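Here is a short briefing on one model.

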Amino acid sequence: MEWLRDHSAGDEAVRVLCLPPAGGSARPYRRWAGLLPAHVGVVAVELPGHGDRLTETPIDDLSALIEGMLPEVRTLLDRPLVVFGHSMGALVAAELCRALLVEREWRPLLLVAAGCMSPDRPSVPDYVTRMTDEGILDFLTKVGGTPPDILGNDEYLGMIRPVVRADLEAIAHRDVDASPRLGCAVRAYLGADDPRVDAEQAAGWVIESDGDFGTCTFPGGHFFVQDHVETVLSRLRRDLAEALRTRGRDRTPAISN
């Protein structure tokens with residue numbers, strides 16, 4: 001596959017599709033396969049210009065990103081799918097699910113938005129200044145997740161700037177009034193010390209839910225998903241199990257007297 005990195009054995013009952021943050025890759029999600037139950041498969045998205053697709057030109061248009069990954073994502077719809085997005089990945093995840101809702105009236109078993117303000121808010125209101133070399137360095141410094149000595153490496157910055165610039169462009173120009181709303185179970189995960197997203201902004205994800213909505217705050221900053229992976233996955237296991245139980249109840253036929 002070009003867009004997906006499948007870490008599943010192939011016979012799992014449910015899959016988790018993971019979308020990384022701006023500038024991020026599919027690589028960190030490889031570890032998840034060994035930390036989640038055996039009946040849960042893990043598949044991660046690798047965007048052009050990221051990770052093992054580093055030699056490709058990054059895409060700065062959200063619609064083009066969705067169009068590119070859709071053919072491969074459709075192959076995952078043969079069983080329940082949880083869609084997990086971190087930061088920019090949460091916004092891409094929502095639009096991916098929206099495209100599938102319009103196309104085939106499909107909804108995920110559960111959408112998890114981690115470290116991201118709700119999609120009805122402009123996520124990068126100052127994107128114009130962020131597009132400069134200095135703005136991207138300032139962005140990377142404030143969100144954390146990259147050691148200062150690496151941020152001081154001109155070779156690294158020269159490699160990552162075009163990728164981050166394309167990612168920020170893609171989400172800056174998205175339609176914040178997108179419809180229809182997803183109408184599925186939604187969970188918003190938040191880092192207690194995240195400088196980019198507060199509890200109110202994360203709680204706004206309720207607009208995409210069918211009423212089954214909840215938030216959970218974790219220790220750490222914007223990259224709490226990577227820094228506290230076992231704690232995050234412990235919660236994800238609980239939320240996934242509850243979503244499966246709910247789907248089971250919804251599908252149980254009524255018993256007539």
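Two strands pair if DSSP finds at least two bridges between them. Helices (H or I, at least four residues) and strands (E, at least two) are DSSP runs, numbered from the N terminus. This is a predicted model: local features need pLDDT of at least 70, side-chain atom pairs count only at pLDDT 80 or more, and totals for chains, interfaces and linings use all residues. Residues are numbered from 1 along each chain as its sequence is written, and side-chain values use heavy atoms, without hydrogens and water.

**Strand 3**
- Strand 1 (residues 4-6) pairs with strand 3 in the antiparallel sense, over three bridges.
- Arg5 stands opposite Ala44 in strand 3.
- Strand 2 (residues 14-19) runs parallel to strand 3, joined by five bridges.
- Val16 stands opposite Val42 in strand 3.
- Six of the six residues of strand 3 (residues 40-45) are buried, meaning under 20% relative accessible area (1.4 Å probe, protein chains only).
- Val40, Val42 and Ala44 cover one side, and Gly41, Val43 and Val45 the other; all are buried.

**Largest pocket**
- A pocket is an open set of points on a 1 Å grid over the protein atoms alone, where a 1.4 Å probe fits, with protein on both sides within 12 Å along at least five of seven lines; lining residues have an atom within 4 Å of a point.
- The lining of the largest pocket has 40 residues, with Pro21, Ala22, Gly23, Gly24 and Phe223 nearest its centre.
- Helix 7 gives the largest share of this lining, six residues.

**Asp78**
- Asp78 lies in the loop between helix 2 (62-74) and strand 4 (81-86).
- Asp78 and Arg121 are 33 Å apart, C-alpha to C-alpha.

Notes. Buried < 20%, exposed > 50% of the residue type's maximum accessible area, 1.4 Å probe, protein only.
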